[in-house]
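Let's take a walk through a protein model and see how some of its pieces sit against each other. Have the picture open while you read.

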Amino acid sequence: MAYFDAASSEPLHPQAREALLAAIDVGWADPARLYGQARRAHLLLEQARTEVAEALGARADEVSFTASGTQAVHLGVLGTLHGRRRAGRHLVVSAVEHSSVLHAAQLHEREGGTVETVGVGITGRVDPARFAEAVAGPGTALACLQTANHEVGTTQPVAEAAAACREHGVPLLVDAAQTAGRMPVPAGWSVLTASAHKWGGPAGVGVLVVRKGTRFRSFLPEDERERRRVPGFENVPAIVAAAAALRATAAEAAEEQARLSALVDRIRETVPGIVPDVEVIGDPVDRAPHIVTFSCLYVDGEALLTELDRAGFAVSSGSSCTASTLRPSHVLEAMGVLTHGNVRVSLPRGASAAEVDRFLGVLPELVRRIRQDAGVA
């Protein structure tokens with residue numbers, strides 16, 4: 001089986017596996033206690049924090065570990081809004097943010113806040129001028145913009161958005177889930193979130209980074225752990241493995257991401273020539289290196305995924321987080337492109353050219369059969 005769903009979860013990096021097995025034996029104790037095993041766990045936790053901070057361009061005391069990337073986003077959005085209540089209650093988000101951002105925004109609205117959603121163009125990219133105009137509105141307490149879209153891979157103008165936020169004294173939360181470890185972290189963020197299993201670490205570890213000077217107050221009951229930002233006992237072995245994976249992935253990024261990007265280019269260029277009535281989606285240049293998405297007219301996306309699974313390919317379709325609800329992707333709707341018959345290919349570390357060639361070899365016949373069964377071929 002060729003695994004092409006790295007945007008959902010990257011397979012565990014070998015160095016993460018090695019670090020995890022070692023840390024299970026020595027990092028199991030409560031790092032908040034004072035006996036020997038606990039001090040050892042504390043040292044492992046703080047070493048991991050330092051390594052993650054270095055990789056993300058932050059200070060160690062700005063980094064907190066969460067139970068997931070989604071939790072990091074929820075805490076980041078709502079904690080920053082809570083800390084800046086005196087500045088206002090207006091939140092600015094892009095229309096293509098991950099559902100974790102949009103769900104936090106919905107909760108903010110239900111509790112009396114206001115939310116402005118900035119649309120995107122057909123490539124999925126936010127217009128920096130339109131984003132800056134929204135940030136300049138009265139009472140804006142926070143703006144959110146992802147580094148790259150999780151469904152189509154288009155990268156966002158974070159540097160320009162950060163400059164606009166800085167001009168108006170508004171903190172910018174950047175969701176870096178799809179690029180942390182793969183691409184340099186853009187400058188100018190105030191709050192950064194990421195998820196370890198996206199870069200080859202274990203599931204169950206998220207990262208919340210809050211810049212010094214950014215007003216932040218958790219909306220949850222106070223807990224002494226993780227700078228009082230995240231409640232609960234840290235999973236030290238998983239955090240150690242996450243740091244090892246981030247270090248290894250970042251060290252390999254220049255060569256490996258260039259190789260994956262070339263394979264994605266091959267898919268982008270080949271699919272329109274071998275499959276009739278297909279639309280390749282997302283920016284062809286300003287994009288994450290490992291993601292390509294296309295939509296086939298007159299094809300049910302789930303039927304195509306099932307056929308690809310039978311043919312030995314693990315891929316996803318439409319909104320990765322809402323596919324089970326059968327709702328059209330909010331990202332594709334915002335872009336104004338086809339929302340059905342959608343396939344996202346996201347290549348993991350080590351994906352081979354032979355696997356991509358085999359995928360391109362079987363795809364046309366699978367699409368033809370589905371269309372024929374539907375009576376449209």
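## A hidden threonine

Thr80 counts as buried because its relative accessibility is 0%, where buried means under 20% relative accessible area, exposed over 50% and partly exposed in between (1.4 Å probe, protein chains only). You'll find Thr80 in helix H3, residues 69-83. Helices (H or I, at least four residues) and strands (E, at least two) are DSSP runs, numbered from the N terminus. Leaving out residues up to four places away in sequence, Thr80 touches Leu75, Leu142, Pro171, Val191, Thr214, Arg215 and Phe216; contact means heavy atoms within 4.5 Å.

A quick word on ground rules: this is a predicted model, in which local features need pLDDT of at least 70 and side-chain atom pairs count only at pLDDT 80 or more, while totals for chains, interfaces and linings use all residues. Residues are numbered from 1 along each chain as its sequence is written, and side-chain values use heavy atoms, with hydrogens and water left out.

## Rings that meet

A pair of aromatic rings is described by the distance of the centres and the angle of the planes. Rings of Phe, Tyr and Trp (its six-membered ring) pair if their centres lie within 6.5 Å; planes under 30 degrees apart count as stacked, over 60 as edge-to-face and the rest as tilted. Searching the whole structure turns up 3 aromatic pairs. In one of them, the centres of Phe4 and Phe359 are 5.9 Å apart and the planes stand at 70°, so this pair is edge-to-face. Phe4 lies in the loop between strand S1 (2-3) and helix H1 (14-26), and Phe359 in helix H10, so the pair ties together parts that are 355 residues apart in sequence. Phe359 is buried, with a relative accessible area of 0%. Phe359 also pairs edge-to-face with Phe313, at 5.4 Å centre to centre and 75° between the planes. That pair links distant parts of the chain too, with Phe313 in strand S11 (residues 313-314) and Phe359 in H10, 46 residues apart. Together, Phe4, Phe313 and Phe359 make one aromatic cluster.

## Helices that cross

Now for some helix pairs. Axes are lines fitted to C-alpha atoms, for helices over the stretch in contact, and angles run from 0 to 180 degrees between N-to-C directions.

| Helices | Axes come within | Crossing angle |
|---|---|---|
| H8 (residues 301-310) and H10 (residues 353-373) | 10 Å | roughly 135° |
| H1 and H7 (residues 236-274) | 8 Å | roughly 155° |
| H2 (residues 36-56) and H7 | 9 Å | roughly 30° |

Which way does each pair run? Angles under 35 degrees count as roughly parallel, over 145 as roughly antiparallel, 65 to 115 as roughly perpendicular and the rest as oblique. With axes crossing at roughly 135°, H8 is oblique to H10. At roughly 155°, H1 is roughly antiparallel to H7. At roughly 30°, H2 is roughly parallel to H7.

What meets what? On the H1 side you have Gln15, Ala16, Ala19, Leu20, Ala23 and Ile24, and on the H7 side Pro237, Ala238, Val240, Ala241, Ala244, Ala245 and Ala248. For H2 against H7, Ala41, Leu44 and Leu45 are among the H2 residues, while the H7 residues include Val236, Ile239 and Arg247.
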